[in-house]
Amino acid sequence: MRALVAAPENSGNVELREVGTPPPREHEALVSVRAASLNRGDLHLLGRAEAGWRPGSDIAGVVERRAPDGSGPGAGARVVGLVPDGGWAELAAVDTRMLAPIPEELDFAAASTLPVSGLTARRGLAAGGLNDRKRVLVTGATGGVGTFAVQLAAHAAASVTAVVSRPERGERLPALGAQHVVVGMPENGAFDVIMESVGGDSLAAALRLVAPNGAVVSYGNSSHAVTTFDVDDFFPKIFGKK
């Protein structure tokens, strides 16, 4: 089968090669991969990987062979899955605990974006205690996790403010549920849940903007910057004081 593998000697550190089919373990199904998504984490790992390592974590496709222990979907099932690596290939061995069937109307490309980005957004919002009374701020709102966070928060009837780097990048966000789209972090406001992925000054601003008893969910640092914040602005909010 063919797979993308790490190749430090090449531009982009990747190369398409013929490799062996992964042998599924007792609890793994063999999946014919029809689509795979690209995450920031994949690129980070690929940039420092040794030659021959196989990248890719999010896949969608069809079960070629059911897990030997009989768990998970059977052969022919349309599925989405999460693997630790090796997803950018024609075939992938997937732990059936990380595999789920998808409906016929959901195309493989869209389904492949769900595992890392979709679950990060869902679990992050849940950790922040999302409900229909919450004011939610999403940084990096046009990224994979950010796009899901905007939609999920809006679906929960929260008031959503989306942060973008340039006006044109935010043009489609109102249609996804953002009530407010701002360029850069707002100067003022009080948000119950802040989904933060930029780090640096953005994370510092989030700690200033979070409402008393609110939550800042930090799940990335795309700026690669150190965060410095004023504890006098932040600590009183832990105890519900302004």
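Five strands form an open sheet in the order E6-E3-E4-E5-E7, and their pairing is antiparallel. Strand E6 (91-95) and E7 are the edge strands, each pairing on one side only. From one strand to the next, the twist averages 45°. Helix H3 packs on this sheet, where it touches strand E4 (58-65) and E5, and its direction makes about 70° with that of E5. Please keep in mind as you look around that this is a predicted model.

### Strand E3 and its neighbours

Let's start with strand E3, which covers residues 28-36 and is joined to E6 by five bridges, the two running antiparallel. Within this pairing, Ala-29 stands opposite Val-94 in E6, and Leu-30 has Ala-93 of E6 as its bridge partner. E3 also pairs with E4, again in the antiparallel sense, over six bridges. There, Val-31 has Val-63 of E4 as its bridge partner.

How enclosed is E3 by the rest of the structure? Seven of its nine residues are buried, so E3 is largely enclosed.

Now for the open spaces.

| Pocket | Volume | Lining residues | Classes in the lining |
|---|---|---|---|
| Largest | about 740 Å³ | 27 residues | six nonpolar, 19 polar, two charged |

In the largest pocket, the lining residues nearest the centre are Arg-40, Gly-143, Gly-144, Val-145 and Tyr-219. Helix H1 (40-47), helix H3 (114-127) and helix H4 (144-155) are the elements that each give two or more residues to this lining. Which of the elements gives the most to the lining of the largest pocket? That is H4, with six residues.

Helix H6, made up of residues 201-209, is mostly covered, with seven of its nine residues buried. The buried residues are Ser-202, Leu-203, Ala-204, Ala-205, Ala-206, Leu-207 and Leu-209. What covers them includes strand E8 (135-138), strand E11 (191-196), strand E12 (210-218) and helix H7 (231-238).

The loop between E11 and H6 holds Gly-199. Is Gly-199 buried or exposed? Its relative accessible area is 4%, and the cut-off for buried is under 20%, so Gly-199 counts as buried. Leaving aside residues up to four places away in sequence, Gly-199 touches Gly-220, Asn-221, Ser-223 and Thr-227. One of these, Thr-227, lies 28 residues from Gly-199 along the chain, yet the C-alpha atoms of the two are separated by 6.5 Å.

Definitions and conventions
Residues are numbered from 1 along each chain as its sequence is written. This is a predicted model: local features need pLDDT of at least 70, side-chain atom pairs count only at pLDDT 80 or more; totals for chains, interfaces and linings use all residues. Side-chain values use heavy atoms; hydrogens and water are left out. On a 1 Å grid over the protein atoms alone, a cavity is a set of points where a 1.4 Å probe fits but cannot get out, and a pocket is an open set with protein on both sides within 12 Å along at least five of seven lines; lining residues have an atom within 4 Å of a point. Grid points are joined across faces, edges and corners, and a volume is the space filled by probe spheres set on the points. Helices (H or I, at least four residues) and strands (E, at least two) are DSSP runs, numbered from the N terminus. Ala, Val, Leu, Ile, Met, Phe, Trp, Tyr, Cys and Pro count as nonpolar, Asp, Glu, Lys and Arg as charged, and the others, Gly among them, as polar. Buried means under 20% relative accessible area, exposed over 50%, partly exposed in between (1.4 Å probe, protein chains only). Contact means heavy atoms within 4.5 Å. Two strands pair if DSSP finds at least two bridges between them. Axes are lines fitted to C-alpha atoms, for helices over the stretch in contact, and angles run from 0 to 180 degrees between N-to-C directions.
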